[in-house]
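Please look through the structure shown here before reading the comments. They are written for a reader who is new to the subject.

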Amino acid sequence: MVNVLIHGANGRMGKKVFEACALDQDVKAVCGIDLIENLNNPDFPVYSSFSAIKEKVDVIVDFSAPASLDNILAYAVANSCPAVLCATGYTDEQAEKIKSASEKVAIFRSGNMSLGVNLLIDLVKKAAEVLYGFDVEIIEKHHNQKVDAPSGTALMLANAVKDVQEDKFFTYGREGIVGKRDAKEIGIHAVRGGNIVGEHDVIFAGNFETVTISHQATDRSVFAQGAVAAAKFLAKKKVGLFNMNDVINGK
C-alpha cells in the first residue's frame with residue numbers, strides 16, 4: 001500500500017486525486033495539506049503545514065502552485081519522501097531547485113499528467129520530423145481560473161518541436177504590426193474562458209496542406225489518475241528526476 005499526502009487537498013484537483021486514490025486498491029490518501037486546515041474532514045485530516053503531519057507518508061502528490069515548492073522539497077528531502085509535482089508555471093530558478101532535490105530524493109515532474117497528452121508529444125515529434133519547413137502554431141485553451149500562460153503542456157509541445165527542429169524559437173501571441181511571420185517561429189497562443197478543462201492544438205501549416213494534432217481533456221479526473229500512477233511508480237524510487245515517459249515505459 002502506498003500512503004499518499006495530497007498537497008492542495010481542498011482544491012479541485014486535490015479532491016480529484018482523493019477520488020482517484022479511493023478507486024485504487026494499492027493507494028491510500030492518508031492526509032492532506034492546504035491553506036485552510038480541516039482536521040474534521042471525514043475522509044482524512046487536512047493540515048495547514050508539513051510540521052503538523054503525524055501519518056506515515058510514502059509519496060507527496062502536489063497540485064497546488066509554484067509558491068509551495070520550497071516547503072514541499074524541504075519536507076521531501078528531510079524525510080526521504082518522493083514527491084509528484086503536478087503544478088505548472090515554475091521559474092528557471094525553481095526548476096534548478098527541483099533538479100538539485102532530485103539528487104537526494106525521487107522527484108516526478110510533468111506539465112501534464114494525461115497519458116493522452118504524452119502520446120500527443122510523441123506524435124508532434126514525429127510530425128516535426130516529417131513536416132520540416134511547415135509553420136508551427138500551438139493554441140491552448142483553459143478555464144478562466146488558470147493563472148499561468150502559456151500552459152505547461154503548450155510549452156512541452158513547443159519543446160517537442162524544438163527538440164527536432166533546433167533552430168526554432170518561441171513567439172507568444174501577436175499584436176499590432178509585427179512584420180511577416182518568421183519561418184523559424186513556433187507561435188504559442190493562450191485562450192482562457194469558462195470551465196474549459198484543457199484543449200491543445202498543434203498546427204503544422206504548409207503551402208498546400210495543413211496538419212492539426214489535437215487533444216481535449218473532458219474531465220480533470222484524467223490528470224488525477226495520471227498523478228496516482230506516478231505516485232505508485234515513484235514510491236519504488238530512491239533518487240532521480242522522472243517524468244510521465246518513465247511511468248509509461250516502466251523505467
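1. Basis of the note. This is a predicted model, in which local features need pLDDT of at least 70 and side-chain atom pairs count only at pLDDT 80 or more, while totals for chains, interfaces and linings use all residues. Residues are numbered from 1 along each chain as its sequence is written, and side-chain values use heavy atoms, with hydrogens and water left out.

2. The parallel sheet. Helices (H or I, at least four residues) and strands (E, at least two) are DSSP runs, numbered from the N terminus. Two strands pair if DSSP finds at least two bridges between them. Seven strands make an open sheet with parallel pairing, in the order E3-E2-E1-E4-E5-E6-E12. At its edges stand E3 (46-47) and E12 (240-242), each with a single partner strand, so one side of each has no neighbour in the sheet. Within the sheet, E5 (83-85) and E6 (106-109) run parallel and are joined by three bridges; alanine 83 has isoleucine 107 of E6 as its bridge partner.

3. The mixed sheet. A further open sheet has five strands with mixed pairing, ordered E8-E9-E7-E10-E11. Its edge strands are E8 (169-172) and E11 (210-217); each has a single partner strand, so one side of each is left without a neighbour in the sheet. Seven bridges link E7 (135-142) to E9 (185-192), and these two strands run parallel. Histidine 142 stands opposite arginine 192 in E9.

4. Helix H1. Buried means under 20% relative accessible area, exposed over 50%, and partly exposed in between (1.4 Å probe, protein chains only). In H1 (12-22), the buried residues are Met13, Gly14, Val17, Ala20 and Cys21. Viewed down the axis of H1, they fall within an arc of 120°, so they line one face of the helix; the arc is that of the directions from the helix axis to the C-beta atoms. Contact means heavy atoms within 4.5 Å. The buried residues of H1 pack against E1 (2-7), E2 (27-33), E4 (59-62) and H6 (221-234).

5. Helix H2. Which residues of helix H2 are buried? In H2 (69-78) they are Leu69, Ile72, Leu73, Tyr75 and Ala76. These residues cover an arc of only 165° around the axis, which puts them on the same side of H2. The face turned away from the buried side of H2 carries the exposed residues Asn71 and Ala78. The cover over the buried residues of H2 includes E1, E4, E5, H3 (92-101) and E6.

6. The nonpolar cores. A nonpolar core is a set of buried Ala, Val, Leu, Ile, Met, Phe, Trp, Tyr and Cys residues joined through side-chain atoms within 4.5 Å. The largest has 33 residues, and those with the most contacts inside it are Val4, Val61, Phe63, Val84, Phe108 and Met113. H6 gives the largest share of this core, eight residues. A second, separate core of 23 residues includes Leu5, Val57, Ile72 and Tyr75.

7. Aromatic pairs. Rings of Phe, Tyr and Trp (its six-membered ring) pair if their centres lie within 6.5 Å; planes under 30 degrees apart count as stacked, over 60 as edge-to-face and the rest as tilted. By this rule there are four aromatic pairs. The rings of phenylalanine 170 and tyrosine 172 have centres 6.4 Å apart and planes at 85°, so this pair is edge-to-face. The rings of phenylalanine 233 and phenylalanine 242 have centres 5.5 Å apart and planes at 80°, so that pair is edge-to-face. Phenylalanine 233 and phenylalanine 242 are buried, whereas phenylalanine 170 is partly exposed, with a relative accessible area of 22%.
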